[in-house]
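Subject: Structure handover

Hello,

Here is the structure I said I would pass on. My notes on it follow below.

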Amino acid sequence: MFINKGSTMNLTCIVHHSPEPPPAIYWTHNEEEINYDSPRGGVSVITEKGDVTTSYLLIQRAKEPDSGKYTCNPSNANPETVVVHVLNGEHPAAMQHGGQLRLEYPFFVVLFSLLVALLGL
């Protein structure tokens with residue numbers, strides 16, 4: 001995942017098909033548990049528990065040291081990891097904003113995908 005320096009990172013962890021909501025979800029950055037009270041500030045987590053549990057890790061004003069491997073580790077499910085690159089003005093082809101990939105013409109992507117599926121290409 002690529003984001004611009006100064007942006008807000010929103011990493012989302014979704015737990016499906018769990019017999020019960022996870023009692024805890026731990027977030028790590030480069031294999032160290034994230035401290036939400038660190039002097040850096042601007043780091044918070046929001047977790048919504050239910051049939052589907054969703055945890056959002058929010059990091060405001062992203063800086064280059066925020067780059068690295070982030071892992072969401074639910075206490076009753078398998079962990080998931082994403083590598084984040086905080087960029088200082090560079091523009092890779094798959095630039096993401098706020099954790100979501102932006103498509104220039106999403107309608108045409110869906111239409112093209114439908115045509116390919118129907119024609120069996």
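The strands β2 and β6 run antiparallel and are joined by seven bridges. Strands here are DSSP runs (E, at least two residues), numbered from the N terminus, and two strands pair if DSSP finds at least two bridges between them.

Before the rest, a note on the source. This is a predicted model, in which local features need pLDDT of at least 70 and side-chain atom pairs count only at pLDDT 80 or more, while totals for chains, interfaces and linings use all residues. Residues are numbered from 1 along each chain as its sequence is written, and side-chain values use heavy atoms, with hydrogens and water left out.

Back to β2. The covered face of β2 carries Met9, Leu11, Cys13 and Val15, and the uncovered face carries Asn10, Thr12 and Ile14.

Next, the sheet. In general, strands of a sheet pair through backbone hydrogen bonds, either parallel or antiparallel. Five strands make up an open sheet here, ordered β1-β8-β7-β3-β4, with mixed pairing. β1 (2-4) and β4 (32-33) are at the edges with a single partner strand each, so one side of each has no neighbour in the sheet. Inside that order, β7 (residues 68-74) and β8 (residues 80-87) pair in the antiparallel sense over five bridges. Cysteine 72 has glutamate 80, in β8, as its bridge partner.

The structure holds one disulfide, and it joins cysteine 13 to cysteine 72 with an S to S distance of 1.9 Å. The pair links distant parts of the chain, with cysteine 13 in β2 (residues 9-15) and cysteine 72 in β7, 59 residues apart. The torsion about the S-S bond of cysteine 13 and cysteine 72 is about -70°, so the disulfide is left-handed. Both cysteine 13 and cysteine 72 are buried (under 20% relative accessible area; exposed is over 50% and partly exposed in between, with a 1.4 Å probe and protein chains only).

How many salt bridges does the structure hold? There are two, a salt bridge being a side-chain nitrogen of Lys or Arg within 4 Å of a carboxyl oxygen of Asp or Glu.

- Glutamate 31 and lysine 69 meet at 2.8 Å, N to O. Glutamate 31 lies in the loop between β3 (25-29) and β4 and lysine 69 in β7, so the pair ties together parts 38 residues apart in sequence. Glutamate 31 is exposed at 62%, and lysine 69 is partly exposed at 31%.
- Aspartate 66 and arginine 40 meet at 2.7 Å, N to O. Aspartate 66 lies in the loop between β6 (53-59) and β7 and arginine 40 in the loop between β4 and β5 (43-48), so this pair ties together parts 26 residues apart in sequence. Aspartate 66 is buried at 9%, and arginine 40 is partly exposed at 24%.

Regards

Methods
Helix = DSSP H or I, 4+ residues; strand = E, 2+ residues; numbered from the N terminus. Disulfide = S-S within 2.5 Å.
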